[in-house]
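Here are a few notes to get you started with this one. Keep the viewer open while you read, and click through the residues as they come up.

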Amino acid sequence: MVRLWDQSGVVAARLSGTGGRLGAHAAAVVRPTSPGTKATKANAVTRHDVTQKTGGMRRLVGLFGRLVRNTDTAVGMLYVLAPEARALDVVALSGTSRRIAAPWARIALDDAAPVAQAVREESLVWVGNSRELAERFPRVALVAPYEIMLAAAPIMDGGEAWGAVCLLWPVWHPPVLSPGERDAIGIFCGRAGRLLRHYSDRGQPVVAGADPLVLRAVRRREPGRAEALAAYDFAERLPTGCCSLDLEGRVRFLNAAAADLLGAGAADLLGSLPWERLLWVDDPAFEDAYRAAVISKQSTSFTALRPPDQWLSFRLVPGASGVSVTVTPAAGEPEQAADGPVLPPGARGPVGASAMYQLMYLAATLTEAVGVQDVVDQVADQLVPAFEAQGLVVLTAEGGRLRVVGHRGYSDEFMAKVDGTPLTSSIVTARALSRGTPLFFTSFADLHRAYPQALRFRNRDAWAFLPLITSGRPVGLLVLSYDRSRPFPQAERNVLIALAGLIAQALDRAHLYDTKHQLARTLQTGLLPKELPRIPGLEVAARYLPAGHGSEIGGDFYDLIHCGPRCAAVTIGDVQGHNLQAAALMGQVRIAVHAHATAHSAPGDVLARTNRLLSDLDPGLFTSCLFAHIDLERHIARLATAGHPPPLIRRPDGSAGILGLTPGLLLGIAPDGDYPTTEIPLPPGTLLALYTDGLVESPGVDAESAAGDLVRHLVATADLGVDAVADSLLEHALRTAPGTDDTALLIARPSGPGGAPPADDGRRGTGP
């Protein structure tokens, strides 16, 4: 069962299971085969369109419905981990609509969102009020600025994440979860985890479909026909106007008084969104009142003027199945009205309130997006529901051709026909980008008339082609498509054009970041050893773990140097900074250390000479470094350190600890730095673990305590092969101190009589 920690949502651990869904992802991060490689472009943002397995989905939704009832939840959202284990996809909703939940339909695991944090930390996340929500999760608070309380918990089984659940309560809920609520959440997460694993093992994983399922509210009882007609007659006799909206905001009932006050007949309003039919109501404000009622489950109200001079007061009362609205004449002029906000007549906004909130959410996420793929993912996740599109394509201009960098609602085969189109082509995408002019086609007939050779995907019948232009330069093209004809009113066109400019700026910044990051990563990878030399009598394994999402390149390095027939040297270091300069300096330091080591200099002299070189170069950056000379004949090691974390040691008798070394100054601070050498016995079977601070340092984590935990873990795993020890140390560190810095790790163990035999698992453990 999932661990439900204290109400503050204390960090528990970062997921890095040994296999399966998220575990496989973590293992791939530990040893990336190509640090700079991007995901396949054609598949980059395609929402998986896998058929939901009826049995598994039905049982999962049944468990979810029981949880909602047992916790008296106002709004609930159920997520499953996407097949690529990079994001959470919503599969079921309760107490809200797909339109309102659209900004949270897909949440990346590294997002600043409650469900993502719950999965990362394997623990319950509790948010007790709107202020806490704004402080901890500002993007969520931006689109849900209401008085709510929130709990998010991961769905776990076998140490692996399978999904998450998010529950919302109104402000009158107690400030903490009750024991019964915590138990209900824990029981649900345990059962749901076992269920998801069961269907996955059978090859029938429960995955997100095109739209999440919306649970129907359970009525206490079903009225008979006579009772329903009596209720209808009762509502018709009321002098007060009243109508019923479902969770999507559509009118399902209105009485005669409401129709008279609104100036519209039931036939015109039934099944429609009132803010789209009543042109004298400012739609963002009207829809926002409905939205606030649905999410917060609190009554909302406002006053609006029905032309020419009839002021009306609207009161919205929410429930599990929708919103009840009363409409009454309001007394007084606008400045005298006290019943909520006052809406001016005839000022229809460009888009609805839900779309406005989604666009605000998109704008906020784009400021945090780092790479091109981040931008494309966010645009696809937010723009499609905001404008109710069925398809989206993002293309960039590269080498005189259009390249597809992401799509939603299209097949890979169709996108392959578009990818690589010359910018000089006469097809619509190339013309829209080369001319820099937005193109809108309300139907396929319009598109075919202007561009007879235009490709059509399935039954798409309306398109918006939006050039992405920044600083006068075209950087790409955004295409939205619809299954039905669409008029694209001028207000909507203006919003889309403005939004295209925002996306273009984000895409341009992201492309620059990707270019710089790839250059630095390539440089660093080229400067690190591609393969460690084989030295008889010495087992060695090395690992390099890049920093988390959004971090720049680091300057961590390691090396194994063959110094003679029966001696070797190991070194590890970390250059200050995370940029191209740090990566370049890392290469200089490693080469200098290597050169001095092969000249058989003492460890202290190796560091002193490297320090003088750095002082002469004056790069403005400092470097920590640890150097150890291993004498395999005499079974000793001599070590010196320049401000680097001391190594861990595990001796053949089972004792272990952190080596106490006298540190010298960081390299590059002073040209005459002194670096004392320490000699220790190193009999066969002794294990040395050299690492950079990314292995033990993380915000809120004590480095000494983390190192002590590593020592205890080393004792438990030291009898394994060095490759297994290296992997185990990395996985343990990720669980206990999720790293925000690059990490290098080098394990060395002399073998021989009394030593552990070499473990040959088919790999020669090297870095990136």
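1. Start with lysine 297, which sits in the loop between α12 (283-296) and β10. Bear in mind that you're looking at a predicted model. Lysine 297 isn't a glycine, yet its phi is positive, at about 55 degrees. Its relative accessible area is 11%, so lysine 297 is buried.

2. Glutamate 388 also deserves a click: this non-glycine residue has a positive phi of about 55 degrees. You'll find glutamate 388 in the loop between α14 (372-386) and β14 (391-398). Its relative accessibility is 40%, so glutamate 388 counts as partly exposed. Why flag such spots at all? Because most residues other than glycine have a negative phi.

3. Next, have a look at the step from proline 307 to proline 308, where the peptide bond is cis, with omega near 5 degrees. Proline 308 lies in the loop between β10 (300-306) and β11 (310-318). As background, most peptide bonds are trans.

4. Now for the charged pairs. How many salt bridges are there? The count comes to 18. The next points pick out some of them.

5. Aspartate 157 pairs with arginine 197, and their closest N and O atoms are 2.7 Å apart. Is aspartate 157 buried or exposed? It is buried, because its relative accessible area is 17% and the cut-off for buried is under 20%. Arginine 197, at 21%, counts as partly exposed.

6. Aspartate 719 and arginine 650 meet through their side chains in a salt bridge, at 3.6 Å from N to O. Here too, distant parts of the chain are linked: aspartate 719 is in the loop between α21 (703-717) and α22 (722-736), arginine 650 is in strand β25 (residues 648-650), and they are 69 residues apart. Aspartate 719 has 64% relative accessibility, so it counts as exposed, whereas arginine 650, at 10%, counts as buried.

7. Finally, check aspartate 631 and arginine 634, which form a salt bridge with their closest N and O atoms 3.9 Å apart. That pair qualifies because the limit is within 4 Å. Aspartate 631 is buried at 15% relative accessibility, while arginine 634 is exposed at 55%.

Key: Residues numbered from 1 in each chain as written. Predicted model: local features only at pLDDT ≥ 70, side-chain atom pairs only at ≥ 80, totals over all residues. Heavy atoms only, no water. Buried < 20%, exposed > 50% of the residue type's maximum accessible area, 1.4 Å probe, protein only. Helix = DSSP H or I, 4+ residues; strand = E, 2+ residues; numbered from the N terminus.
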